Structures are given as C-alpha cells and as structure tokens.
Amino acid sequence: MRTRILRLLRRPWTAAVAAVAVVVSVLVAMPASGAAAATCRVDYTVDAWAGGYTARVRVTNLGPSVNDWRLTWTYPGDQQVTSAWNATVTQTGASVVAVDAGWNGALSTGGTAEFGVQGTWRSAGPAPDDFALNGASCGGDGGTPSATPSPTTTPPTTPPATTEPPSAECGDAVICSGFEDQAGPEPSGDWRFTAPDCQGTGAVAVDPAVAHGGGRSLRVDGRAGYCNHAFVTHAADLSSVGPVLYVRMWVRHTTALPTSHVTFVSMPDSAQAGRALRVGGQNGALQWNRESDDATLPAQSPAGVALSRPLPTDGWQCLRFAVDTSAGHLDTWLGDEQVPGLHADGVPTQDVDQQWLARGTAPRPTALRLGWESYATGDDTLWFDDVAVGSAPIGC
C-alpha cells in the first residue's frame, strides 16, 4: 500500500511577485507482512516562473542511520538544473543525482536534510516522483499526477535557501587571508615564495593597487615554459583539516586559459607521496589534474571540456572547491554555479571521470600553494585575494 500527495498552492516571493509552488511527497506506508520496509520520504517544493524554477528538497530517512546520502530522481519534463545549494547536484539527461555536502551527510533514523536546486524549463515541468535514497526507492513509480508550473512575469533574483548557505566569513578556517598583513612587496609572514620544481622569470608580489577586499592582494606574473614556476605557499598544515577540506578564493586574471596545460592552485598530496593535486586549465577551460599519473577532471574530450567552464578574465571570480579526504569526492563552484565537469562522486560519468577514477586512493592535501605553472605556452597575470581553507563550507 502506497500513499502519495500532490498539491498546488500559491505563495508570494515578495509583496509584488507570486509564484506557483508544487509540493510532492513520496512516502511508502507501513508495509504488509513480508513487504519491504519504507526507506525514505521526500518533500519537493517548487517555486516556478516563466522559463525557470527553484526547488526545495527535504529528504527524511526512514531506514537505518547513514553517514552520507545520495538522492536520485528523474525529471518527467524538460527541467535542467543550473545550480544547487547544501548539496552537490548533477544531471545527465533527465536523471538527477544529489549528494550530501559533507557537513549534512549523517542522517539518523527519522533524520532530515534539506537542499535546493535552481534550473530552467521550457514546455513542461512535472514534479518527479521516483526518488531513491542510496539506491533504495522512496516509493514512486512514475505514476504520480504531474503539474506544469504556471508562469509569472518576474523570477526571484536569488534562490531561497531553507538552511543558511555557507557564510563568506572565515569562521574557524585554518587559513583566512586577505593579505592585509603584508607590509612590503615580498610575501611574508605565513606566505612564502616557492618554486616547487624550478625557477625562472615568473614572479610573485604583494600588490597594493589591486584588491578584491581591503587594500592588498597577491599578484602573480606567470610565464610560459616549464621552468618558470612561481608560487606562494601558506605555512598552515592542512593534513588534519577535514574530513572534507573546503577552499574559497577570489581570483582575477588577464589572459584566457590557454589550450596547453597550466596550473594556478597546487596542493601537495600525501596520497600521492607529496606530488600535487592541482587546479588549472587546459583547452581553454578549468580542470583538476593529479600530478602522479597526470589524470584530468574532466576528460579532455570535446564533450568533457564542454562540461567545464572557462575562468572569465578582467574581473574578480569566486572559486570554491571541496576535497573529500575519506571518500575521494571532488566538487567545484565558479561563483554560485557548480561546474558539472569538475565533479567526481565515485559514480562513473562519461567524458568526465574515466581517468580520475582509475586511482582509488582519496586525496589528502597537506598545504596550499597559489601561483602559476605552465607546461608549454601560456603567460598570464593573476591576482588572489580573500583566501580561506577550513573544515566547513565557505561561501563567496
């Protein structure tokens, strides 16, 4: 015996703007003798406008306690997820996967977690009803009556988070630096110049003329060619940060990422015997790279590169990422957008993580280095500011 609820209601976004909310709850009732026990309940609440929507998703665990969760569903309409908060959400075709953000992964029996997604729709946006938690169905079978959102004239400017989104404040972060403590042009204090392999004409300096916040930033004059490495490294030992290590930085650069491989964030990784876990670019888009086997995320096929994003030039960009040091998962956000090609959750995804999943050991970064490393062509001038690293999500 199964019960489902689908109801429509209207509620205001603001005093002037109203949107349609679609609430669908999928719940397995108490089973008959010998039937499978209920595993979960999902409340899916949609606020929609012409061409777009946000959805608040509340998942309740009705089974045994779990340390992490993975919620899946299929859109019966043409909805496309563009961003998410309080979870890592990816979409392939009509199939959607939401993975906990680390800090909200533990669910006791009866425990709940809430997250949100924002996206687009064109002709129809029926509510999904085939939710499954960690592979176990919450009870839907695709038969729930659908509801197409009625458009309104003005979308909300920001998605409504039901729990507080990550704060831009550093909090208890191990690294929290706006470079305001730098007195001269040479990096000092916790920041020190380093050239991991060899040093050439690349240079690093404290810049009092360009800043995202305050009056200083770190400037890197990156030069092409393998022996022009120029970085600063922070003195903090990151080997005990986690289990998920969160990094937030503001970065500004002047030249589009080149076709050849470059790196601007390098983290020595004890899981690679000290070789680096790197963030940079290739084929004009952002990528992760593992020094020990040169694996890239995403795969450098045209389809894989298309799932990443370029790093915009001539303006400050908020770059955030999360490294799960126990499960080996990676997540990357450019501004508020989760970059689908820079996401690894252990589930193979075509054109994304073929190389990455070949190594099963989870990364364990021990330090943070910012700078420039080119392996062929690619000069660039970059600035870094408002850098933070900690065990909790850090917002823009």
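User: What share of the contacts with a separation of 6 or more comes from residues 24 or more positions apart?
Analyst: Such residues account for 70% of the protein's contacts with a separation of 6 or more. A contact here means heavy atoms within 4.5 Å. The model is predicted: local features need pLDDT of at least 70, side-chain atom pairs count only at pLDDT 80 or more, and totals for chains, interfaces and linings use all residues. Residues are numbered from 1 along each chain as its sequence is written, and side-chain values use heavy atoms, with hydrogens and water left out.

User: Why is Trp85 called buried?
Analyst: Its relative accessible area is 10%. Buried means under 20%, exposed over 50%, and partly exposed in between (1.4 Å probe, protein chains only). Trp85 therefore counts as buried. Of the protein's 396 residues, 53% carry that label.

User: Where does Trp85 lie?
Analyst: Trp85 belongs to strand 6, residues 80-85. Strands are DSSP runs of E with at least two residues, helices are runs of H or I with at least four, and both are numbered from the N terminus. The protein has one helix and 26 strands.

User: How many aromatic pairs does a search of the whole structure find?
Analyst: The search finds 11. Rings of Phe, Tyr and Trp (its six-membered ring) pair if their centres lie within 6.5 Å; planes under 30 degrees apart count as stacked, over 60 as edge-to-face and the rest as tilted.

User: What makes Tyr44 and Trp73 edge-to-face?
Analyst: Their centres are 6.3 Å apart, with 65 degrees between the planes. Tyr44 sits in strand 3 (residues 40-49) and Trp73 in strand 5 (residues 70-74), so the pair ties together parts 29 residues apart in sequence. Both residues are buried. Ring pairs also link them into a cluster with Tyr53, Trp69, Tyr75, Phe115 and Phe131.

User: How do you know that the charged end of Arg290 sits over the ring of Trp356?
Analyst: It lies 4.4 Å from the ring centre. The rule asks for NZ of Lys or CZ of Arg within 6 Å of the ring centre and within 35 degrees of the ring normal.

User: What makes strand 18 and strand 19 a pair?
Analyst: They share six bridges, in the antiparallel sense. Pairing takes at least two DSSP bridges. Val265 stands opposite Val279 in strand 19. Strand 18 also runs antiparallel to strand 25 (residues 369-374), joined by four bridges.
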